[in-house]
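Here is a short briefing to read alongside the coordinates.

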Amino acid sequence: MIDIDDIREDFPILSREENGKQICYLDNAATTQKPKRVLDRIIRFYSEEYSSTHRGAHLLSRRATGLYEDARESVRKFLNAEKALEIVFTSGATESINLIAYSFGERFIREDDEIIVTGMEHHANIVPWQRLCRRKKAVLRVIPLEKNGNLRIDKLKNLIKPKTKLISVTHVSNVLGVINPVEKIIEAAHKKDIPVLVDAAQSIQHIPVNVREMDCDFFVFSGHKVYGPTGTGVLYGKENLLKELPPFNTGGGMIKSVSFEKTEYEAVPLKFEAGTGNIAGVIGLAEAIEYIDNIGQGEIEAHENKLLKYLEDELKSLEGVVIYAEGSSKHGSISFNLDGIHHYDAGMILDGLGVAVRTGAHCAEPLMNHYGITGTVRASVALYNNINDLERLITGIKKVSSMMAG
């Protein structure tokens, strides 16, 4: 069982006060805070071990390379991927999706081919596919939503056609917190030999993941969502597919040989890692993964689910609160609005009370259009949140309602 008091001590920022109030951080779907051991690991690397990787014969370069590749192995184990070469380091989930949109698109997409996404996607899992479709004169199809925000999975069978070449779907909605039946989507797609990309930016920090059991073809997430540094990300891809794809970026580190007549690329994963990567960030990400493993993802999931149930029950008891996807199974986030009160105004008042939430469209305008709204208030939890945080939020919502009543 998680000892929240001990865990909170691992995160220095949570003990800070702003304007006389201790920080109550409920914006974890945007980014998570960092444990001290991750911060210390990054400082130690820069202070004692720093060098570029892969291209040096000296001690520091060999050591940095070893740490970088050890981090790749840590991610492999974390995802239960079969091989470390299936792990590509990127700057985040956004770059990972763009990499596949470009490379997969160049290799496999032709005029009139089709790509399927869902109606609840983050813009980062919409716009790259739109650009690909425009470039290749392909077609983007969308799995629609039920009124409450859940996927109309029954529509997928009719959406899949002979020209369907890829399905890209979020594992957990960054707005609603609802978990999508990615295993069913993957099973249906694979019956037609269609690969599936899973955007796990909002699931990787909340629930255990096994990419081999899931059987996804591509899987992406950002390090900063999982208690690691910004500027780090992961693309998992099945070996046979990665070998087929051309590189996304070119430059040093991904080259086997170069002449003015011909260039040969390195094998995966280095083929996709041009230039000097975020070495310290990757090492910090490995430290964050070890931190999570020591606590246990099952323990984290159970703790956060209790928090979300408590929060949704409390919100339902308040007059004038509209909860989106109410009653659906959720991970991490709950979005809501207060009748007659703009979400931005609510967020600013809560901020004045020391409660940090996210307001706006959350980079998911099509989902906002589905509900006929411009945005929501989103509260999102992490392993270091406790009931006191949620009580402060509920007290703050009551304050917002009373202040804006007249």
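Which exposed residues does the face of H2 turned away from its buried side carry? That face carries Ile43, Ser47 and Glu48. (Buried means under 20% relative accessible area, exposed over 50% and partly exposed in between, with a 1.4 Å probe and protein chains only; helices, H or I of at least four residues, and strands, E of at least two, are DSSP runs numbered from the N terminus.)

This is a predicted model, where local features need pLDDT of at least 70, side-chain atom pairs count only at pLDDT 80 or more, and totals for chains, interfaces and linings use all residues. Residues are numbered from 1 along each chain as its sequence is written, and side-chain values use heavy atoms, with hydrogens and water left out.

**Helix H2**

- The buried residues in H2 are Val38, Arg41, Ile42, Phe45 and Glu49.
- Seen down the axis of H2, these buried residues fall within an arc of 100 degrees, so they line one face of the helix; the arc is that of the directions from the helix axis to the C-beta atoms.
- An α-helix has 3.6 residues a turn, so residues three or four places apart point the same way.
- The buried residues of H2 pack against helix H3 (59-79) and H10, where contact means heavy atoms within 4.5 Å.
- The length of H2 agrees with expectation: its 14 residues should span 20 Å at 1.5 Å a residue, and the end C-alpha atoms are 19 Å apart. The expected span is 1.5 Å times one less than the number of residues.

**Salt bridges**

- The whole structure holds 26 salt bridges, each a side-chain nitrogen of Lys or Arg within 4 Å of a carboxyl oxygen of Asp or Glu.
- One of them joins Glu287 to Arg37, with the closest N and O atoms 2.9 Å apart. This pair links distant parts of the chain, 250 residues apart: Glu287 is in helix H10 (residues 279-295) and Arg37 in helix H2 (residues 36-49).
- Glu287 is buried at a relative accessible area of 15%, while Arg37 is partly exposed at 27%.
- Arg41 and Glu49 also form a salt bridge, their closest N and O atoms being 2.9 Å apart, and both residues are buried.
- Lys316 and Asp313 meet at 3.8 Å, N to O. Both lie in helix H11 (residues 297-316), 3 residues apart, about one turn of the helix.

- S16 and S17 (residues 376-380) pair over 3 bridges, with Thr376 in S17 as the bridge partner of Gly360.
- Axes are lines fitted to C-alpha atoms, for helices over the stretch in contact, and angles run from 0 to 180 degrees between N-to-C directions.

**The sheet of 7 strands**

- Here the open sheet runs S4-S10-S9-S8-S7-S5-S6, with mixed pairing.
- S4 (87-90) and S6 (139-143) stand at the edges with a single partner strand each, so one side of each is left without a neighbour in the sheet.
- S4 and S10 (residues 233-237) run antiparallel and are joined by 4 bridges; Val88 has Leu235 in S10 as its bridge partner.
- H3 packs on this sheet, touching S4, S9 (218-222) and S10, and its direction makes about 115 degrees with that of S4.

Definitions and conventions. Two strands pair if DSSP finds at least two bridges between them.
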